[in-house]
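User: I am new to this structure. Please walk me through it in short questions and answers.

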Amino acid sequence: MGKSRRTIPEELLLLALDPTTGTTAQPQTLDLGLAGAQLVELSLAGRIVPEGDRIAVVLARPTGDPTLDHALELLRRRGSPVRAAHWIGGPRLGLRQTYLAHLERCGMVTAVPGQVCGVLPTTRYQASDDCTNAAIKQRLDTAIRTGVPPDPRTAALAALAHSVGLGKHLYPGNEGRSSRSRLRDLIRYDPLGGMVAHAVMDVQNGLPAQQNRSPQGSGTGTGTGAGAGAGRSGARAAGRGSGRVAASRVGVR
């Protein structure tokens, strides 16, 4: 996989990066979203395919991206298809920090050391190219504003951004309410991204993987019924309840 195109995990993390504070929004749930984004990216690369609510490796050849290849190898070692929710909720700590370090090596972000309260060391991250971040956000804005079905990568990115609660970061306040709703609705344009996003929300809610949820079922709804219910519960979890699950799995400041 060449580096002419940013991967979905990279774009999700760049979307979450606050240009003012140098911190990431929704840090407690972002690791879950990054794990889900890896699944989508590996599927687009032809390495894995969905089988109902499970993920199966069909091509173990490395992609050339070290973070994706590590995830692919872990999936391969499972030996049999694994439920997306089980994979996303598995004990793989620190994906956010792994990807921040990866983006720094690639020159996409710059690490800025500092201190909290003048004592505790901390590191903030600034995007090296604000135009890149603006271009990622513009793709979501265009899909929300025009209502034209987005390409699969943009649809998956929107679904994952919604699933981890980035809507209020990207479209804050009462004036952003309709945009947040439309961001959620973009989930229907990519079946795999929708399935993965629902798995992320299931993990946040502490729910078991739903055995009869298929990519088609979760990705092609019209915003009513079970699909919309999952979206609403996921948004609430991302806003207030996800810290309980994430705190036990994501030991990252």
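Analyst: L100 counts as buried, at 3% relative accessibility; buried means under 20% relative accessible area, exposed over 50%, and partly exposed in between (1.4 Å probe, protein chains only). This is a predicted model, in which local features need pLDDT of at least 70, side-chain atom pairs count only at pLDDT 80 or more, and totals for chains, interfaces and linings use all residues. Residues are numbered from 1 along each chain as its sequence is written, and side-chain values use heavy atoms, with hydrogens and water left out.

User: In which helix is L100 found?

Analyst: Helices (H or I, at least four residues) and strands (E, at least two) are DSSP runs, numbered from the N terminus. By that naming, L100 is found in helix α5.

User: Is G94 buried or exposed?

Analyst: G94 sits in the loop between α4 (84-88) and α5 (95-105). In space, G94 is 6.9 Å from D31, C-alpha to C-alpha, although 63 residues separate them in sequence. The relative accessible area of G94 is 12%, so G94 is buried.

User: How many residues of α2 are buried?

Analyst: Helix α2 covers residues 27-44. The rest of the structure largely encloses α2. The buried count is 15 of the 18 residues.

User: What span does helix α2 reach from its first C-alpha to its last?

Analyst: The expected span of a helix is 1.5 Å times one less than its number of residues. For the 18 residues of α2, 26 Å is expected. The model comes close to that, at 26 Å.

User: Which residue with a positive phi follows α10?

Analyst: Helix α10 (residues 191-205) has 15 residues and reaches 21 Å, close to the 21 Å expected. Of its 15 residues, 13 are buried, leaving α10 mostly covered. After α10 comes a residue with phi near 75°, and that residue is G206.

**The sheet**

User: What is the order of the strands in the open sheet?

Analyst: Strands of a sheet pair through backbone hydrogen bonds, either parallel or antiparallel. Here the open sheet has three strands with antiparallel pairing, in the order β1-β2-β3. Each edge strand pairs on one side only; these edges are β1 (48-51) and β3 (82-83).

User: Which residue in β2 is the bridge partner of P50?

Analyst: Two strands pair if DSSP finds at least two bridges between them. Strand β2 (residues 54-57) and β1 pair in the antiparallel sense over four bridges. The bridge partner of P50 in β2 is I55.

**Charged pairs**

User: How many salt bridges does the structure hold?

Analyst: Side chains of opposite charge can pair when their charged atoms come close. A salt bridge is a side-chain nitrogen of Lys or Arg within 4 Å of a carboxyl oxygen of Asp or Glu. By that rule, the structure holds eight.

User: Which residues are linked with E11 in a network of salt bridges?

Analyst: E11 is buried, at 3% relative accessibility. E11 meets R6 in a salt bridge of 3.6 Å, N to O, and forms another with R139, where the closest N and O atoms are 2.7 Å apart. R139 lies in helix α6 (residues 130-146) and E11 in helix α1 (residues 8-16), so this pair ties together parts 128 residues apart in sequence. The network links E11 with R6 and R139.

User: Which residue forms a salt bridge with D141?

Analyst: D141 is buried, with a relative accessible area of 19%. The closest N and O atoms are 3.1 Å apart, and the partner is K137.
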